[in-house]
Amino acid sequence: MKWSRQVLGAAVGLVVAASPLRAQVPPRADDQARRLLEDGRTDIANGRARQGLDALQTIVTGFPNSPHADDALLDMGRYAEEVEKNLTKAREVYDQIAKRYPQSDSAPGAYLQMGLIAFKTAANQAAMDDALANFQRVIRLYPESRFVPHALVASAAVFRRGGRYDSAIDAARRAVLDYPRSELAPDAQFELALSLAMAGDTLNAIEEFQRGRSLYPASPSALRALNAATALYRLYGNERPLFLKDPAFSLQAGEVLKDVRSMAISPEGVTWIASNKTKSAVSFDLGLKIGASLPAEDPQTLSISPGGEVVFASKLAVRTGASGVMAFAVPSEKPGVLEPVDRIGAATIMVSGDMLVSDLKRKRVLRFKGDTFAAVFPDRSEREVVKLVTTPRGEAVMLRKDDKSIEVWDDSGRLVLKLGPRGPGFEWKKPVDVTIDAFSNLYVADEDQGVFVFSAKGELMTTFGASDVRKSRAIAIDLAGAALVYDDRTETIVRFR
Amino acid sequence: MRRRFLGLALALACGLAAGPAAAQSDADLAALRATLDQGVTEFEGPQQGQSLVRFDEIITRLEAERRQGSLSEAGTTLLVAAYEYRARVQFNLGNTDRAGDSFRNLITLRPSHNLDQATISPKVIDYYKSVKAQMVGYLTVQSVPQGARVSLNGKELSITDFFPLEVVAGDYSLDIARSGYRPENRPVSVIAGETLSLQFDLVRTSATGYVITEPTDVEILIDGVRRGSTSGVLDPALAAIAAARGLDPAKSSNRLEIPDLPSGSHTIEFRRPCYESLKLGLEVPEPQDYDIPPIKLEPSVGTLALTSDPPGGQIFIDGESQGVAPKTLRSVCAGVRRVEVRHAAGRFVQDVDLKSRATVELAAQIRPTLAYLGVVADGPSGERSLAAMDTRLARIASSSIRAMNFVKADRAVVDKALLAERLKLVDLLPPGKPDPALVRRVFEKLAAALEVQGFLVARIPEEQLLRSAAVHLFAAGSVFPDTASVVIEDDASFSRFFAAFEKKAPLTAPWSGLVTVDTLLHEGPVVLRVAPGSPADKAAFARGHVITSAGGRAVTKTEDLLAAIAAAGPAKKISITANSEGGPKTVELPLTEAPREISIAESGILANKICMDLRQTIEGYPGSDNAAFARLNLGVILLALRDYAGAHDAFIKAKNELKAQPGLSRGTAGFYAGVALEHLGYAKEAVDEYTQASQDPGATILSQDGPRVQDIARRRLAALSGAR
């Protein structure tokens, strides 16, 4: 990556004017810097992170005027972000690039990364605007940069999360039309289709998913597009959504299928089943082969975090992924004294990274930053929440046992939707579980009445399974939109495709 | 002989001493004439004596020339005039001695010179005559046969028989020569005031042939050696002889003399382009004149029936313009002819061996022409490989590239174009980032100057281990090239790149109007929608139909269906089976040819090559639907190449050429024009285009049944208004 000639010339001119002793980087020094960069990258790739980072730092401090200094910083930023998971440090490094090397090829990359970091944890409009501003800088200030399609796709994702679907569609469409050869073209096409789906333009969305498969058949998004198109077609391709029992589905899981409390399916297609019989959450791969298990006393719920990790709530603690078990405590009436949260009913992780934990004893939903109590959510009203799910837009979906309703809250605590127990065309008696699909449609399993499907706006789309499931207890939606419902009476999982 | 040789030696010596003898230039003579005129004016004026200076100047200059042997005939005339005037001035000034010298010099130059009795004083004339009488004698020569050239001391005098000619008295070596006769030499003395008469009977040494041909300008060869060409117009006295041999006297040549024919047997050959050559035996028994029978050559021509695709190409046969294709050219000279058809879209070149009286039909397929600009190196190590890389690239390209004409660019033209912009070729190439407008301008100029449609150029980077080079393909007017990295020593890496030149991207494709989607719910692609008015619509396909076979083969996904439709072939009917609620149905679906958008992401295509093909269609079929869609696609490709100015230009023209109708149409071009304008920073103009496009209900992008322009344009407008 080279500085633009114009700026290099200007920089040299300035340096000469200021100090006759400082000169342009001589060719040998430039060579040294380049070799250091190559060495640094090789070391990092081969697991010698410390040496590699040292080499990169040497370029930054020892050869700040070399054309490789911005590359070194970019690599350091990416390492901090992707390996160390230290987003704050990463952001600082990217900021350095933007300020010190604004004309370099890495500068738009730095803005892009800053935007992506902001977006990762953006839970409110201000945070999303911050992310968007960085992406727009790339597009407006560096129109020739190879990062522009990335910025467009990222902008589309931001718009989509913020519910600005027309803008999301427009940004994704621009990326698709203007950069058909970009490495990001398949993702742009997928984002376009997804945004159309979220905007309710479902038939065009299906078409765009198919177009992505046709144009980029070998890309990873091709399979995702097939699943998405299947899910959408099931919901919108016929006069009414059609969920038919899949007679071929059979999961032989022995004890795992006894006293199932919850189910969830990860973005990789791994099915998790939380069984009180086995006191664990057990995974099954795409071929329904049993995999890892996570032990827990008194398992409660399973959900999937925005990052794609399984969130396993048990009575006393919440486990995130394969590790990361957290117990929680809240301030008691006595100052400085914390009381444990020991009747957890459900948990989920928000886009901001905060965890929402349903405390059945206190009948409140508590918000924690890490394991530190932050606030009650959304307000101090009593709630017996037995299931928590996070939508793609960063909203929290709650199943309340007390009033048998479903509530959807945004991150700021604003009520977006309240459903049930009755409404136009439906009435449920005993809702036992709720989940969402990739398009934020809501699936509410009632113990005796099967499953109710609602659009993100709360309109009833269909019901199914009443005659096929005797006693619903848990529900999950797979990658292709098929519903898995646990029948507590027969101790089996019924699949509706 | 001795004198002739001496004269030659003297001339050589003068030449060696004085340097290469150069005749007076026209400018020199003009200047001297002007001096003479000035002198004459002064001579005729009151101060006659002043004119001497002028005449002296002329005499001094031209005498120097004469001594060097470089005095031309015009110069001699001028010198004679100068001497005459000088002599007259000197005579008038009473200096008769000097006048006499001047007259003597004059007479030596031109013994036959006489003064104008009408204008010159009798005294001067008498004086002149007296001088002349002491210097000049007369020579007359006759010969048998006549027509012999007579020279004195190597200087040609006249042709026999001639009346007495004035010659400066003295001793001479006289030469007389006539073709076919033995030349003779005789020392002679010319005495002033006396006439010397000489008679020569020349001895015949060789034969001379005389021949008449029809047509004229026939080359004559004797025993394979060229002896001349017939020319002129036939002497009427010989018309009867020619006619008796079947010649048309009006088209026949004059007699050509073929001298110095040795006795014996010879072969005489008659040749003229576009005529059948004739070879005859020629017997020359003895040295005398022979009239070779008049010869009529038969035309050797054929017919060339030329068409070109696209039509309207300029035809050139061996570099000469012959009109515009399609055309039938009769009377094309037989033999190997270079047939060239030049068109704005490209060129066709082929050597055709045309037989006499044969007809050759030639369908000239115009192909774009690619000019090879050479190789540049970034540094000394690259320069060491320059020549080898240049040779290799040119060799492989010329043997591999079939879809285009491949020519080496005229270096002088290229250098001139670059010089005009103060550029080097390397300045236009990646990884540099030259101004796109500059690159476009330079390549457009070069394309016009070289009459080509694209360029090939390579660049060798400065590397430690010199192995690779970048080969760039630019279409004329292009801003960004297609680039391949090649291994210098690996021919296959070059060939792979050039193989992509053969790939075409058709403007139309068989179309059914079925829009299907793959799901995990169906065994085959399910119909999502059917384009209104399409073949599938007419065959009553509808949403929910599941396609199970197409073209006789099972279909499990959309890709299979599309492949079957694409492979439908010229018959353009395809059998499609679908499951529906009413049961399976099979339809023989007649497909139509529908325009399509070429995607730069299509496997294996080179954007610049496609641009050249598209421009060929645009140039070759102006006003046609194909040209309009080609222009639309050109804009799409240029847009993807980020040449927004070029794209905008193409879209605006396409917009004017396309109709407003469902599918790819005017609205498509208008929408894309808006996209290009946005990139160029013309937001307001972009909004205008989007607004227009948003009102077009049927236009689509990407394909005939693709996303609707109306929806996309409306969203774009909403996004732009939100941004402002």
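Me: Happy to start with a proline: in which loop of chain B is the place of B:Pro145?

Reply: Keep in mind that this is a predicted model. B:Pro145 is joined to B:Val144 by a cis peptide bond, with omega about -5°. As for its place, B:Pro145 is in the loop between strand E1 (136–144) and strand E2 (149–152) of chain B.

Me: Thanks! Now B:Pro430 and B:Pro431: what is omega for the cis peptide bond that joins them?

Reply: B:Pro431 lies in the loop between helix H10 (411–420) and helix H11 (436–450) of chain B. The cis peptide bond there joins B:Pro431 to B:Pro430, and its omega is about 10°.

Me: Over in chain A, what value is phi of A:Ser440 near?

Reply: You will find A:Ser440 in the loop between strand E21 (431–436) and strand E22 (442–446) of chain A. This serine is a residue other than glycine, yet its phi is positive, near 65°.

Me: How do H16(B) and H17(B) run, roughly parallel or roughly antiparallel to each other?

Reply: Two packed helices are described by the angle between their axes and the distance between the axes. Here helix H16 (residues 625–640) and helix H17 (residues 644–657) of chain B have axes 8 Å apart and pack at an angle of about 155°. Angles over 145 degrees count as roughly antiparallel. H16(B) and H17(B) are therefore roughly antiparallel.

Me: And how many residues of the contact of H16(B) with H17(B) are nonpolar?

Reply: On the H16(B) side, the residues that meet H17(B) include B:Leu632, B:Val636 and B:Leu639, while those of H17(B) include B:Ala647, B:Ala650 and B:Phe651. The crossing of these two helices is left-handed. By class, the contact has 3 charged and 2 polar residues, and the nonpolar ones number 12.

Me: Let's look at the cavities: which element gives the largest share of the lining of the largest cavity?

Reply: The structure holds 4 cavities of 30 Å³ or more, and about 90 Å³ of space lies in the largest. Helix H9 (165–178) of chain A, with helix H18 (666–680) and helix H20 (709–723) of chain B, are the elements that each give two or more residues to its lining. The largest share, 5 residues, comes from H9(A).

Key: Residues numbered from 1 in each chain as written. Chains lettered and ligands numbered in written order. Predicted model: local features only at pLDDT ≥ 70, side-chain atom pairs only at ≥ 80, totals over all residues. Heavy atoms only, no water. 1 Å grid on protein atoms, 1.4 Å probe; cavity = no way out; pocket = protein on both sides within 12 Å on 5 of 7 lines; lining within 4 Å. Points joined across faces, edges and corners; volume = space filled by probe spheres on them. Helix = DSSP H or I, 4+ residues; strand = E, 2+ residues; numbered from the N terminus. Axes fitted to C-alpha atoms, helices over the stretch in contact; angles between N-to-C directions. Parallel < 35°, antiparallel > 145°, perpendicular 65-115°, else oblique. Left-handed = near helix turned anticlockwise from the far one by under 90°. Contact = heavy atoms within 4.5 Å. Nonpolar A, V, L, I, M, F, W, Y, C, P; charged D, E, K, R; others polar.
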